[in-house]
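These are notes for a colleague who is opening this entry without having seen it before. They begin with the chain as a whole and then turn to one pair of helices.

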Amino acid sequence: MTQSWSSPGWDVHLGWRPEHGRHGLAEAFRAAIRDGRLAPGTTVPSTRALAADLGVARGTVTRVYADLSAEGYLRTSQGAPTQVAPVGSATAPAPGATVRPAPARRWTLMPGRPDLSSFPRADWLAATRRVLQHAPATAFGYEEQRGPFALRSALSQYLARARGVVTDPDRIVVCGGFSHAIAVLSRVLRERGTAEIAFEDPSLPRFRHVAASNGITVTGVDVDEHGVRVSEIDSPAVVVTPAHQYPTGATLAPSRRTELARWAAETGAVVIEDDYDGEFRFDRQQVGALQALAPEHVVYVGTASKTLSPSLRIAWLVLPRALVEPVRAALTAGGWRPPVLDHLVLADLLDSGAYDRHVRRSRARYRDRRDKLLAALPEAVTPRGISAGLQLLLTLPDGVTEERVHTAARARSIELETLRRSWITPGARPQGIVCGYAAPADHAFAPTLDAFLALLSDVLP
């Protein structure tokens, strides 16, 4: 369990565990000081008292205090108690101070975000009632880390039907969102001897950072209008978005899908397929999952973040059989316990058909929004990736910089994303806007579009 200390006048939760060791204890102190839980001037316990509270050797606490004093977090003087130094808390708010968040932009065109106002509340409530009425009491105990069988079974049927995934309940592991999934996979791959993983260049930086923070070296592989350049992959694992590449919007060409699956099978590499918005395809037949071409070499990852809500933190892995037990063990070691009620409610939505109906409604609304956006765009910008998803890429003409777009967006209180954060390797890269048209509520879409068109008139020649 995590440790706290109690001393005259103060109770402080450090969030530290004995297995974290001396370095973990020092970092717990730093976090408490930066967060303002330990304000400047706070007297910390003596080394003897804290060692007794935490059940560690006094020498351990002495070394931690010495390190923190050298870094400026603590202040010591002969014959006086050790206190939190003002320098160590320079970024923490003063006691009683109000930290004001940055003002929200009035209009949002951020990519990868669904219309949260369309969350199917009535369906979710009805499914919750059914689950609470009919689920056995044992369902609310400590479920196994892979997630409840009811959800894994429902997902198995849905993914086979809707995305062409080759699966069964025993292959599926449910995680707490894609970030959790990529963190667990990174740890498992590292423990199995994989030191490097390739991401598409460009790609979403957040997930690259998650992989890197779990001990994996991240490299990039270029993308063109046909998707990832398979011939340039030089890593034992790769993360791809074949149905709708983020952020360029390219669909992986059939020949490259075959090439990627063959490469993985021949080399023993692992392909992680991020199917983040595969349900939202507008202008052609659905593009099935890459995983079906090489089920024992491709990890399929799906999520409810785009179809329902990112706050649910529900994602699913369809794993090669050789990775099922290692992933389950990693979840166990990390202390993961699935949110059973939410998982059972999602299973009910899938089994009842309510999930499919919601996806179809959303697909029609997002297609209509995309069409209105395309019809209104000036000729000076070139839209890409228009066949699917919650966003498209607008490449900017020569002479129009992303900095200029950001300045105009702030002036008009518009929240949007540009390409620059997505590149792994810097250089002379194309300039563009990753324009998300799904995020505004229905009543806000028309005025958001008007504001965006006015922004474009400001920056375009």
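1. A residue is called buried when its relative accessible area is under 20%, exposed when over 50%, and partly exposed in between (1.4 Å probe, protein chains only). By that rule, buried residues account for 52% of the 461 residues in the chain.

2. The model is predicted, so local features need pLDDT of at least 70 and side-chain atom pairs count only at pLDDT 80 or more, while totals for chains, interfaces and linings use all residues. Residues are numbered from 1 along each chain as its sequence is written, and side-chain values use heavy atoms, with hydrogens and water left out.

3. The chain holds 13 helices and 18 strands, taken as DSSP runs (H or I of at least four residues for helices, E of at least two for strands) and numbered from the N terminus.

4. Where contact means heavy atoms within 4.5 Å, 71% of the contacts between residues at least 6 apart in sequence join residues at least 24 apart.

5. Helix α6 (residues 178–191) packs on helix α9 (residues 321–333) at an angle of about 110°, with the axes 9 Å apart; the axes are lines fitted to C-alpha atoms over the stretch in contact, and angles run from 0 to 180 degrees between N-to-C directions. Because 65 to 115 degrees counts as roughly perpendicular, α6 is roughly perpendicular to α9.

6. From α6, His180, Val184, Leu185 and Val188 meet Leu323, Pro326, Val327, Ala330 and Leu331 of α9.

Note on methods. Parallel < 35°, antiparallel > 145°, perpendicular 65-115°, else oblique.
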